[in-house]
Amino acid sequence: MIKNILAILCGIAFSMSTAHAKPFVFACEPEWEFIAKEIGGDQIRTVSATHGLQNPHFIRVKPSLMSKIKKADLLICSGADLEVGWLPLLLRNGNKSIQAGQIGHLLVSDYVDNIEIPEVLDRSMGDIHPGGNPHIHLDPEIISKTASMVASRLSLIDPENRQIYVKNLDSFESNWRSAMARWKTAGESLAGKRVVVHHKSFSYLLNFLEIETLTSLEDKAGIPPSARHLSEIVTLIEGSSAIAIIRTPFDPKSAGDWVSDKTGIPVVTLPFTVGGSPEATDLYKVYDASIQLLLQ
Amino acid sequence: MLKNLLRCLVAALGLVLLVPAQAQEDVSQIRQELNELRDLYEQRISDLEKKLEAAVETNAVSQSAAATETQGGRSVRNNSFNPSIGIILNGQAKEFSERAAPEMTGFAVGEEGERGTGGLGLDHTEINFSASIDDKFYGSLTYALVEEGGAIVTEVEEAYVKTLPGAEVAGDLQMTFGKALWSLGYLNEQHAHTDDFVDRPLPYQVYLNGSFNDDGIEISKVLDTELYNEIGVGLFRGSDFPFGTPDGQGIGAHSLFWRVGGDAGVNGTWRFGAYKVDGETGGRATEEGAITFIGDTDLTAYDIRYTYAPTGNESSQELTLTAEHFSRSEVGTYESTVTGETFGPSAYDADTSGYYVAAVYKWMPQARIGVRYAKMKNVDLTGDLDNTAVDGQGFNPSQRTVMLDWTNSEYSRIRLQVGEEERSQGNNDQQVILQYIMSFGAHGAHNY
């Protein structure tokens with residue numbers, strides 16, 4: 001009897017120690033979770049700390065994130081201070097393998113050239129990011145670069161499935177490249193056009209499509225626009241030709257609506273990331289939908 | 001009919017017999033195609049492998065290389081500003097209908113439990129330094145400059161070291177040692193500048209003199225469950241409220257806590273906590289040193305909190321509901337040297353309690369409204385302590401508060417609070433307070 005129990009216990013202990021747990025990817029934003037899924041497929045488990053309708057700059061460290069970060073094998077975030085309000089606290093409560101300097105720690109901004117790096121750092125200018133614009137996922141080249149970084153990180157974390165990650169990376173690469181060509185062609189007529197943005201959330205996409213940013217509704221980043229600034233924008237728009245006022249699903253609506261009312265220029269809400277609109281179910285569709293919406 | 005069936009059968013049989021010959025040809029053709037495909041595929045895989053190896057080599061192959069490579073091409077900005085320094089400026093204008101600060105019936109309270117006087121004045125000015133000390137430790141120091149009786153006093157609010165995941169403490173434990181805002185109820189762990197109201201609710205004023213930040217050590221563990229589940233123990237000197245004047249030997253007080261929390265739907269969260277701290281009090285001075293308690297103190301607290309942001313963005317709209325309950329059981333003696341109200345060390349054995357409930361609603365990014373109700377339950381004493389400061393005298397203090405605040409950015413906030421406090425019978429103190437809280441420098445993440 002005791003022997004049997006011992007045998008069972010041994011069996012359980014053995015199976016626990018040898019069970020190959022799938023790598024667990026903790027993405028700060030849905031776009032990185034999408035890339036992890038493209039590369040990792042069924043070989044990994046993923047979670048995103050934020051969803052497509054959330055402004056990733058302002059979330060609170062909630063209990064469920066505290067329990068998930070403990071189990072993460074790979075952390076993928078935008079970096080450049082986008083998550084500065086919550087990631088440091090999470091990391092201090094995370095595990096060793098996702099700390100800075102480890103294979104499991106990937107802040108994409110550390111590896112790419114962010115644009116709009118401010119020359120003067122002073123909070124009187126609003127909530128500025130010394131590391132530059134952190135909304136890098138709207139640059140398709142950065143996505144492609146991230147995919148290969150994710151593949152190499154996953155290969156190091158889980159060498160057994162390395163061939164699968166490489167294969168997935170290869171097919172993602174070719175799909176993404178052809179999609180990029182498609183977007184370039186689709187957005188051709190947009191080049192040289194001007195838009196007004198709410199916050200500088202779309203700078204990378206606008207650069208890719210060669211669209212000019214006339215101005216932003218936010219006078220100072222992170223601080224709601226003043227009435228005076230908005231009326232200046234109305235004058236500015238009247239003197240030039242902007243095709244739209246663009247905003248994310250989480251930007252406050254009132255400012256854009258007011259300017260649109262005064263000028264007759266449409267407000268367009270772009271999905272911004274995966275889950276940002278019902279049709280934006282993956283990152284391809286985020287780009288597809290954004291270009292379609294801008295063309296309308 | 002039968003003939004037809006037979007014909008059918010023969011045809012079927014013929015077909016069956018014919019197929020293998022055809023199939024034989026197909027199979028060899030398929031096999032050949034397959035071989036070609038495999039060759040092609042193997043070539044492709046080995047190409048890809050080479051590509052990956054090259055990528056991995058430049059990225060991070062060996063662990064040693066990885067350590068430097070994973071820091072990327074840019075300088076890590078957090079290190080260039082080491083340590084983080086944050087300053088909180090906080091000032092108030094207060095108007096009370098009761099000129100003289102009313103006493104709290106049934107409780108002897110400390111400095112932070114007094115209502116204080118009105119007029120213009122600074123509240124806590126906080127200075128915080130924090131940084132990762134190395135791969136294993138994180139340190140934080142928070143000073144508060146407080147005006148007490150016309151002089152500026154420096155208080156150490158926190159000076160602690162916390163182990164980082166890199167310390168790999170046995171059993172995946174986390175340790176905090178030094179002086180910290182320990183795990184004891186929801187508000188206790190928060191710095192006062194993050195509070196939703198100008199003043200702390202009555203139970204915090206009475207039982208913790210604002211907050212419990214004794215010298216000590218806390219060890220906790222986040223359990224490996226789907227829900228957030230944390231258990232912990234603490235060992236303290238026993239020198240801070242609700243204790244005082246430790247004998248200077250061994251452990252003066254211990255604590256035990258359990259916290260659990262999770263998501264409530266996509267955009268909601270909840271958490272619940274149970275806490276217990278008990279210890280020996282060698283002499284807790286209250287009422288400006290006039291009343292002293294000596295004996296055993298046992299404090300139990302429960303907190304529950306729910307947050308809901310309609311779109312997931314707390315920064316635009318959010319509702320938070322918080323409730324906490326405290327109960328204190330004390331056995332010992334109370335002594336008073338208050339002029340005209342002196343009483344000798346008199347035996348005391350009683351349980352008191354207090355709770356508060358608060359709701360705060362942010363209806364637009366910059367504006368919030370909050371309501372709070374707090375009530376204390378004291379005990380009517382007989383004998384030596386009858387009709388003294390610690391006797392309930394049939395009256396329980398209460399507090400009703402409404403606040404409205406405006407937040408310009410995450411760094412500045414201005415708040416208007418009106419309240420009504422009944423600390424003692426017939427003392428209906430009407431309060432109007434205007435407060436500003438501003439911060440600059442590094443601004444650490446706030447606890448959930």
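This is a predicted model: local features need pLDDT of at least 70, side-chain atom pairs count only at pLDDT 80 or more; totals for chains, interfaces and linings use all residues.

Which strands does H5(A) lie across, and at what angle does H5(A) run to E3(A)?

Reply: H5(A) lies across strand E3 (74-77) and E4 of chain A, and its angle to E3(A) is about 165 degrees. Residues are numbered from 1 along each chain as its sequence is written, and chains get letters from A and ligands numbers from 1, in the order in which they are written.

The H and E names are DSSP runs numbered from the N terminus: helices (H or I) have at least four residues and strands (E) at least two. For angles, picture lines fitted to C-alpha atoms (for helices, over the stretch in contact), with values from 0 to 180 degrees between N-to-C directions.

E3(A) and E4(A) belong to an open sheet of four strands with parallel pairing, in the order E2-E1-E3-E4. Two strands count as paired if DSSP finds at least two bridges between them. In general, strands of a sheet pair through backbone hydrogen bonds, either parallel or antiparallel. Strand E2 (45-48) and strand E4 (105-107) of chain A are the edge strands, each pairing on one side only. From one strand to the next, the twist averages 15 degrees.

Helix H5 covers residues 140-157 of chain A and helix H6 covers residues 162-186; their axes are 9 Å apart, at an angle of about 175 degrees. That makes H5(A) roughly antiparallel to H6(A) (the labels go by angle: under 35 degrees is roughly parallel, over 145 roughly antiparallel, 65 to 115 roughly perpendicular, and the rest oblique). Who touches whom? On the H5(A) side you can look for Ile143(A), Ala147(A), Ala151(A) and Leu154(A), among others, and on the H6(A) side the contact residues include Tyr165(A), Leu169(A), Phe172(A) and Trp176(A). (In contact here means that the C-beta atoms, placed from the backbone, lie within 7 Å.) Sorted by class, this contact has 11 nonpolar, three polar and two charged residues. For these classes, Ala, Val, Leu, Ile, Met, Phe, Trp, Tyr, Cys and Pro are nonpolar, Asp, Glu, Lys and Arg are charged, and the others, Gly among them, are polar.

Now follow H6(A) on to another helix. H6(A) and helix H10 (residues 283-295) of chain A have axes that come within 10 Å and cross at roughly 5 degrees, so H6(A) and H10(A) are roughly parallel to each other. Ala179(A), Trp183(A) and Ala186(A) of H6(A) meet Tyr284(A), Tyr287(A) and Ile291(A) of H10(A). That contact has six nonpolar residues, with no polar and no charged ones.

Let's zoom out to the domains. Chain A is divided into domain 1 (21-182) and domain 2 (188-295), with bounds that come from an automatic or database domain assignment. Taken over C-alpha atoms, the domain centres are 25 Å apart. Across the boundary, 24 residues of domain 1 of chain A are in contact with 23 residues of domain 2. Our H5 turns up again here: helix H2 (30-40) and H5 of chain A each supply at least two residues of the domain 1 side that touches domain 2. H2(A) gives the most to that side, with three residues. By class, the residues on this side of domain 1 are 11 nonpolar, eight polar and five charged.

Strand E7 (residues 244-247) of chain A runs parallel to E8(A), joined by three bridges, and Ile245(A) stands opposite Val267(A) of E8(A).

How values were computed. Two residues are in contact if their C-beta atoms, placed from the backbone, lie within 7 Å.
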